[in-house]
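Thanks for coming. Please look at the screen.

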Amino acid sequence: MRQLLAPALLVAGLLLSGCAGFQPLYAQPGVTRDLGAIEVTAPAGRIGYLMRQHLDDAFAKNHSVAPRYTMDLALAEARYPRGVRIDNVATRYEYVLTVTYVLKDLPSGAVARRGRVRVELTYDSADQPYASISAQQDAQDRATDEAARRIELELAAWLGTTAKVAAK
């Protein structure tokens, strides 16, 4: 048993030594602080409201500090019938949400970053009208949540890289 344990520990030590320069994204100075200082401006309507709420949650919005950035959103959504029955009634839909964002530095208003994320998902449509509306709204909520997560990751990576470059 000891003869097998020694080589296993040696291999594990070599593998872990390759991680010596690894630093988590959110350990970069200022990433969390800058994400929390983004003021999101979303279009009116249900999708805009959901998008702003999910982004505020993803960024851990800090309402006690003045915003350092402002983010303007443009939203586009589409719905395509996918599962069509013989009587030409759709039983499944594909929902596509495209979010285009512009991050501006405050107070100058200079564009700091632009981006676009696209989320595609499907949902079942029932014969009952209420169930169909509920399924569509659930798809919208899931899509805005995923779009917010992707935007958060893009901006965190950008802020982490920007912080590294500024530190050098």
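Which residue in β2 is the bridge partner of valine 40? The partner is methionine 71. Before I go on, note that this is a predicted model.

That pair belongs to a wider arrangement. Strand β1 covers residues 38-41 and strand β2 covers residues 69-84, and the two pair in the parallel sense over four bridges.

On to the next pairing. Strand β3, residues 90-105, runs antiparallel to β2, and 15 bridges join them. As an example, aspartate 72 stands opposite valine 102 in β3. β2 and β3 form a hairpin, with five residues between them. In the turn you will find asparagine 88, which has a positive phi of about 65°.

Now the overall layout. The protein has four helices and four strands. Reading from the N terminus, the order of elements is α-α-β-α-β-β-β-α. Take the contacts between residues at least 6 apart in sequence: 65% of these join residues at least 24 apart. The protein has 168 residues, and 33% of them count as buried.

Next, the two residues I promised. Is threonine 144 buried or exposed? Threonine 144 counts as buried because its relative accessible area is 0%, and the cut-off for buried is under 20%. This threonine is found in helix α4, residues 129-167. What surrounds threonine 144, if we leave aside its neighbours within four places in sequence? Threonine 144 is in contact with Ile47, Leu50, Met51, His54 and Leu97. Its side chain also reaches the backbone oxygen of aspartate 141, at 2.9 Å.

The second residue is glutamate 120, in strand β4, residues 111-124. Glutamate 120 has 45% relative accessibility, so it counts as partly exposed; that label applies between 20% and 50%. Which residues does glutamate 120 touch, not counting those up to four places away in sequence? They are Glu94, Tyr95 and Val96. For tyrosine 95 we also have a distance: tyrosine 95 and glutamate 120 are 25 residues apart in sequence, and 5.8 Å apart in space, C-alpha to C-alpha. Finally, the side chains of glutamate 120 and arginine 118 are joined by a polar contact of 2.6 Å.

To recap the two residues: threonine 144 is buried, and glutamate 120 is partly exposed. That is all from me.

Key:
Residues are numbered from 1 along each chain as its sequence is written. This is a predicted model: local features need pLDDT of at least 70, side-chain atom pairs count only at pLDDT 80 or more; totals for chains, interfaces and linings use all residues. Side-chain values use heavy atoms; hydrogens and water are left out. Two strands pair if DSSP finds at least two bridges between them. Buried means under 20% relative accessible area, exposed over 50%, partly exposed in between (1.4 Å probe, protein chains only). A polar contact is a pair of N or O atoms within 3.5 Å; within protein, one must be able to donate a hydrogen and the other to accept it, and residues adjacent in sequence count only if both atoms are side-chain atoms. Contact means heavy atoms within 4.5 Å.
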